[in-house]
Amino acid sequence: MNSVMIEARVEDIAEKGESLVALTASQAARLQDLRFCRVSPTVDSGIWRVTDVTRVGVVAIDDVRLIVRPKTPLRSLIFMASYSGLQAEVDDASFAFEADQDLPAALASALIRSVGEATGRGLLKGYVSVEETGTVIRGRWDIARQLKVRPGIPVPVELTYDDYTEDVPENRILKAALRALVRLEQLPRRVVDKLGPLLGLFSEVSDLRATGLVILPAESRLNAHYQPALRLARWVLEATSWAHAEGASSGSAFLLNVAKVYEDFVGRVLQATLHPEGFDVDLQVSDWQLDAEGKIRMRPDIVISRQGRVVAVADTKYKVWGESDGSPPNADVYQALAYAVTAGVREVHLLYVSGDVEPRRYEIAATRTTVVAHAVDVSGGPGQLARRVRALGMMLTTIRLNVGGP
């Protein structure tokens with residue numbers, strides 16, 4: 001493994017803008033197949049232009065290691081990825097990963113630490129419904145299944161019972177994420193050496209069934225201490241979605257959707273902040289429609305309501321905004337305006353990633369609507385980041401409640 005990493009030629013890809021990268025035609029085609037960027041030829045043979053990047057991380061194709069470094073500080077990114085509304089306080093020391101210079105190593109280190117903390121008192125256990133065939137009755141005799149499988153034959157019997165076991169969804173998710181990291185070629189040896197002993201804890205846990213997106217179990221008092229590890233595990237499983245070795249060619253990818261991490265983090269902080277104040281915060285609302293016939297569907301990122309009435313609508317934008325005194329992109333404003341009209345609110349908010357820029361208001365005279373652009377500073381320590389978003393949540397809920405009145 002180490003020899004591959006030493007011999008690999010490293011190429012940096014910009015998260016924004018364009019990059020010129022030396023690749024063979026086959027490597028360029030495989031990079032394009034990952035569908036996280038656009039790859040186009042240049043006038044120079046063997047040099048390819050990479051643009052429209054939507055993920056960050058590392059792609060290894062044959063002897064080339066392509067690195068897309070996030071513009072968000074790694075420390076902040078790891079904190080956002082692990083954030084749970086059940087985290088009452090933030091220990092800054094728990095999120096110090098400056099020793100890891102790339103995303104896979106940082107995220108792997110964070111997961112290893114979080115899993116270790118979550119399982120320090122042993123693996124989580126729970127009751128799981130089990131169906132089995134046996135000669136001794138335990139639990140409930142499933143007569144309906146018995147008659148269907150063995151009509152008229154009393155033995156063996158079909159049984160259904162609840163087993164108190166470590167083989168629960170939470171442990172399956174953590175095991176799957178750790179195994180995904182073991183297969184990843186980009187990790188340094190000091191990180192890989194910690195994975196084996198940790199995986200041994202999950203020897204009695206079955207494998208996670210591949211069902212596409214990872215759906216985390218509902219948060220509860222019993223699994224509260226698992227939440228940071230589960231959230232990191234979900235991002236690891238999403239990022240390690242591609243690997244192959246065929247003949248003389250090989251490849252693997254660790255590509256994280258940072259825009260989704262940012263969206264999820266902001267939404268969860270707002271939920272934790274506003275729920276005690278009597279507000280409901282719904283994320284990725286999918287039943288909105290712009291037209292009467294429901295042909296134009298909309299999916300706002302964040303909808304804040306109180307007693308059934310929408311108070312605020314917001315959309316997260318993983319874009320740097322506010323530089324050179326520029327206005328938000330027109331498409332973002334049009335989208336926000338559609339949300340405001342549909343929800344019947346005076347104001348709608350765009351939450352960009354940027355530095356210290358004051359909110360800017362854009363009055364839409366024709367609809368008497370205001371689009372407010374915010375810049376969320378994701379630099380600094382985790383505590384600072386969470387406080388900024390909490391303050392933003394309080395700001396969003398001070399607006400007027402509706403537009404239906406006079």
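**Strands and helices in the model**

Author: Happy to, and let's begin with one residue pair in this predicted model. In strand E17, His349 is the bridge partner of Ala314.

Reader: In which sense do strands E16 and E17 pair?
Author: E16 covers residues 309-320 and E17 covers residues 347-353. The two are joined over 5 bridges, and the sense of their pairing is parallel.

Reader: Which strands stand at the edges of the open sheet?
Author: The sheet has 6 strands with mixed pairing, in the order E12-E15-E16-E17-E19-E18. An edge strand has a single partner, so one of its sides is left without a neighbour in the sheet. That describes strands E12 (280-283) and E18 (360-364).

Reader: How are helices H3 and H8 oriented to each other?
Author: Their axes come within 7 Å and cross at roughly 110 degrees. Angles from 65 to 115 degrees count as roughly perpendicular. H3 and H8 are therefore roughly perpendicular.

Reader: Which residues of H8 meet H3?
Author: By class, this contact has 5 nonpolar, 1 polar and 1 charged residues. H3 brings Ile78, Ala81 and Ser82, and these meet Pro228, Arg231, Leu232 and Trp235 of H8.

Reader: How far apart are the end C-alpha atoms of H6?
Author: H6 (residues 169-182) has 14 residues, and at 1.5 Å a residue it should span 20 Å. The model agrees, because its end C-alpha atoms are 20 Å apart.

Methods
Residues numbered from 1 in each chain as written. Predicted model: local features only at pLDDT ≥ 70, side-chain atom pairs only at ≥ 80, totals over all residues. Heavy atoms only, no water. Axes fitted to C-alpha atoms, helices over the stretch in contact; angles between N-to-C directions. Helix = DSSP H or I, 4+ residues; strand = E, 2+ residues; numbered from the N terminus. Parallel < 35°, antiparallel > 145°, perpendicular 65-115°, else oblique. Contact = heavy atoms within 4.5 Å. Nonpolar A, V, L, I, M, F, W, Y, C, P; charged D, E, K, R; others polar. Pairing = 2+ DSSP bridges. Expected span 1.5 Å × (residues − 1).
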